[in-house]
Amino acid sequence: MSFPIASVALVNSVLFGVYSNTLLALTATSHQERRAQPPSYTNIFIAGCTGGLLQAYCLAPFDLIKVRLQNQTEPRMQIASSMPRYRGPVHCASSILREEGPQGLFRGSWALVLRDTPTLGIYFVTYEGLCRQYTPEGQNPSSATVLVAGGFAGIASWITATPFDVIKSRMQMDGLKGRKYGGMLDCMASSFRQEGIGVFFKGMTLNSARAFPVNAATFLSYEYLLRLWR
């Protein structure tokens, strides 16, 4: 948990900062002016994709370490058991650098980019669309609207992101005990051949269930802080 908690502020600041500034560059309207002059969904999608692209590169090393630690199954407290491969996030990072080189920290990053770039465009379009649907023209959305719109935006993004999330996680674990896949396409083909089409939707229910409260709280904080500091 320590690495995701430590990185969440950085990753979200990159995502929302790049999204807001890209939208400002595309529309020349500030966040406060967007309710009176709403940007097009095309501009929102482009800004969301740009934020997702840059977020993916910041997230890649943190996400890799998180996945490696979550998949560690060596016993830790049994008598005569060997020490776990990774003793914590810092030891995990140093081990990857030593054994796989700097590029090892970015294993699976292409799948992460393909996961986050379009899905975060969909994420922001869904959020803005629901806010406009249930907010009187020219007014700011209520807290309840922000919570519901943010929650459903999270679900929509994870429904589309799950296939690449599965591939991303498998690529990140590849190299732990020898290379299994020749690349992202080989990972996709091999996974499909061995487990069928359902493999690309593993974990979607859990991801969606987690997405609603997490993204509801994220968007409420985002809107509240922007209004507070304007």
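**Figure 1. One salt bridge spans the interface of domain 1 and domain 2.** In this predicted model, Lys 168 and Asp 63 meet through their side chains in a salt bridge, with N and O 2.6 Å apart. Helices α1 (2-27) and α2 (41-70) each bring at least two residues to the side of domain 1 that touches domain 2. Of the elements on that side, α2 gives the most, with five residues. Sorted by type, the residues on this side of domain 1 are six nonpolar, five polar and six charged.

**Figure 2. Domain 1 and domain 2 bury about 1400 Å² between them.** Let's step back to take in the whole contact. The domain assignment places residues 1-107 in domain 1 and residues 140-229 in domain 2. Their C-alpha centres are 12 Å apart. On the domain 1 side 17 residues make contact, and they meet 16 residues of domain 2. Carbon and sulfur atoms give 55% of the buried area. Between the two domains, four residue pairs are in polar contact.

**Figure 3. Lys 168 also forms a salt bridge with Asp 165.** Here the N to O distance is 3.5 Å. The two residues are separated by about one helical turn, because they sit three residues apart in helix α5 (residues 143-173). Both Lys 168 and Asp 165 are buried.

**Figure 4. Glu 195 and Arg 170 form a salt bridge.** The closest N and O atoms of this pair are 2.7 Å apart. Glu 195 belongs to helix α6 (residues 184-195) and Arg 170 to helix α5, so this pair links distant parts of the chain, 25 residues apart. Glu 195 has a relative accessibility of 35%, which makes this residue partly exposed. Elsewhere, salt bridges with shared partners connect Asp 63, Lys 66, Arg 115, Asp 116, Asp 165 and Lys 168 in one network.

**Figure 5. Arg 107 pairs with Glu 100 in a salt bridge.** Their closest N and O atoms lie 2.9 Å apart. Is Arg 107 buried or exposed? Arg 107 counts as buried because its relative accessible area, 14%, is under the 20% cut-off. Glu 100 is buried as well, at 11% relative accessibility.

**Figure 6. The chain as a whole has seven helices and zero strands.** The C-alpha trace spans about 65 × 35 × 30 Å along its principal axes. Of the 230 residues, 45% count as buried. Among contacts with a separation of 6 or more, 74% come from residues 24 or more positions apart. Searching the whole structure turns up ten salt bridges.

Methods
Residues are numbered from 1 along each chain as its sequence is written. This is a predicted model: local features need pLDDT of at least 70, side-chain atom pairs count only at pLDDT 80 or more; totals for chains, interfaces and linings use all residues. Side-chain values use heavy atoms; hydrogens and water are left out. Domain bounds come from an automatic or database domain assignment. Contact means heavy atoms within 4.5 Å. Buried area is the accessible area (1.4 Å probe) that two parts lose on being put together, summed over both. A salt bridge is a side-chain nitrogen of Lys or Arg within 4 Å of a carboxyl oxygen of Asp or Glu. A polar contact is a pair of N or O atoms within 3.5 Å; within protein, one must be able to donate a hydrogen and the other to accept it, and residues adjacent in sequence count only if both atoms are side-chain atoms. Helices (H or I, at least four residues) and strands (E, at least two) are DSSP runs, numbered from the N terminus. Ala, Val, Leu, Ile, Met, Phe, Trp, Tyr, Cys and Pro count as nonpolar, Asp, Glu, Lys and Arg as charged, and the others, Gly among them, as polar. Buried means under 20% relative accessible area, exposed over 50%, partly exposed in between (1.4 Å probe, protein chains only).
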